[in-house]
Amino acid sequence: MADALLSEIDHFSQLIGKRRLTSIFFGGGTPSLMSAGTVEAVINRLIKNFTVSDDIEITLEANPTSVEAAKFSDFSKAGINRVSLGIQALNDQDLKALGREHSAAEAIAAIEISQKYFKRSNFDLIYARMGQTTAEWEKELMKAIKMANGHLSLYQLTIEKGTPFYGRWRQGELVIPDEDLSAEMYALTNHICAENNYPAYEISNYARPGEESRHNLCYWTYQDYIGVGAGAHGRITVKGETYATEQNKKPETWLKSVLSRGHATKISDPLSRTMMAEEMIMMGLRLTKGIDTKVFEKRIGLALDTFIQKERAELLKAQGFLSAENSDLFQLTEKGRPLLNQILGQILV
Ligand SMILES: C[S@@+](CC[C@H](N)C(=O)[O-])C[C@H]1O[C@@H](n2cnc3c(N)ncnc32)[C@H](O)[C@@H]1O
């Protein structure tokens, strides 16, 4: 697997040339199951193949089990300088209900260890969980803010089709907060985080100014990224054309393909200007600051309102879902942000 990852890195660096690498993100699956040796080999190959900026951000997503936390020192020596922990909840009962293997005690210990070895860190929590009250969430959130080190990802529980949760929810075995309660919890989350200097910079992401995830901002501001590994996705611009890439998803198939042809790219489709525009709008409206229309025009080559239904957008502005404050920015209001999907359905041409 390690050699195959290095081959795929070589493949993409040959494709796009020696460009400036600003961030690396080990996402998954569960990257904290990797050996520190593989992490180091991947980082060293990327540093060899690209021009690396001094303040490069290198994040690893990790599970907070004690076994994986014991590897944090090795990951830090391997070059990781930011860790993102999948904590999910701070009590054992809910962790069990969410099907997680770690305990609340392990989670808190992992947060402390992560802050010992990594200058920057984040942890994820899921809220609007089964049977959770607003008061319980407020108490847990205040505890999280006290433990955090500059960044929090706070996700509202969603029931995803094709997951065991979905089956149980369909059977009525799983009761989650209704829309009104979820909206109340979302508003409370934004309010408490803002009050504690963790303003929302994206729909589910909160950070002290300067602590935003640089890697994820690359997605939300529609910049290029290469996707290496089983099931990875990428957006790469070669000779002025932007391609959507996708690697084989099944690790066995991915490995076999890399061993036979040096990479496992299943899809590499050139994107039309309209597709790029829609993606940039979909990603950019997730950000609190929205989309800089000049940056959009430079990236896409046409003005943003070429790709939206102007009358509908004006109506949404009048109704307070889209901001009318700054004409250089296309952004949602706090009222509009939880309705992003519906609004996209209305404004995209
Ligand atoms: C979205 S990624 C985390 C990205 C990371 N926070 C970052 O900033 O780069 C995986 C996280 O999604 C969240 N998640 C997984 N399943 C979910 C679900 N059904 N509903 C809501 N959040 C979920 C969990 O918190 C999990 O740790």
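The protein is assigned three domains: domain 1 (20-215), domain 2 (220-273) and domain 3 (277-347), with bounds from an automatic or database domain assignment. Between the centres of domain 1 and domain 2, taken over C-alpha atoms, there are 25 Å.

Please keep in mind that this is a predicted model, in which local features need pLDDT of at least 70, side-chain atom pairs count only at pLDDT 80 or more, and totals for chains, interfaces and linings use all residues. Residues are numbered from 1 along each chain as its sequence is written, and side-chain values use heavy atoms, with hydrogens and water left out.

Let me turn to the ligand. Around the ligand there are 14 residues, of which Gln88, Asp124, Tyr155, Thr158 and Asn216 come nearest; a residue counts as near if one of its heavy atoms lies within 4 Å. The side chain of glutamine 88 places an N or O atom 2.6 Å from a ligand oxygen. For asparagine 216, a side-chain N or O atom is 2.9 Å from an oxygen atom of the ligand. Tyrosine 155 has a side-chain N or O atom 2.8 Å from a nitrogen atom of the ligand. Taken alone, the ligand exposes 590 Å², and the protein buries 72% of that, by the Shrake-Rupley method with a 1.4 Å probe.

Which strands each supply at least two residues of this shell? They are E3 (82-88), E4 (120-127) and E5 (151-156), strands being DSSP runs of E with at least two residues, and helices runs of H or I with at least four. By class, the shell holds 4 nonpolar, 8 polar and 2 charged residues.

Finally, the second largest pocket. Its volume is about 1200 Å³, the space filled by probe spheres set on grid points joined across faces, edges and corners. A pocket here is an open set of points on a 1 Å grid over the protein atoms alone, where a 1.4 Å probe fits, with protein on both sides within 12 Å along at least five of seven lines; lining residues have an atom within 4 Å of a point. Of its 31 lining residues, Tyr155, Gln156, Leu157, Thr158 and Ile159 are closest to the centre. Helix H9 (179-195) gives the largest share of the lining, 4 residues. Because domain 1 and domain 3 both contribute lining residues, the second largest pocket lies between them.

Technical notes:
A polar contact is a pair of N or O atoms within 3.5 Å; within protein, one must be able to donate a hydrogen and the other to accept it, and residues adjacent in sequence count only if both atoms are side-chain atoms. Ala, Val, Leu, Ile, Met, Phe, Trp, Tyr, Cys and Pro count as nonpolar, Asp, Glu, Lys and Arg as charged, and the others, Gly among them, as polar.
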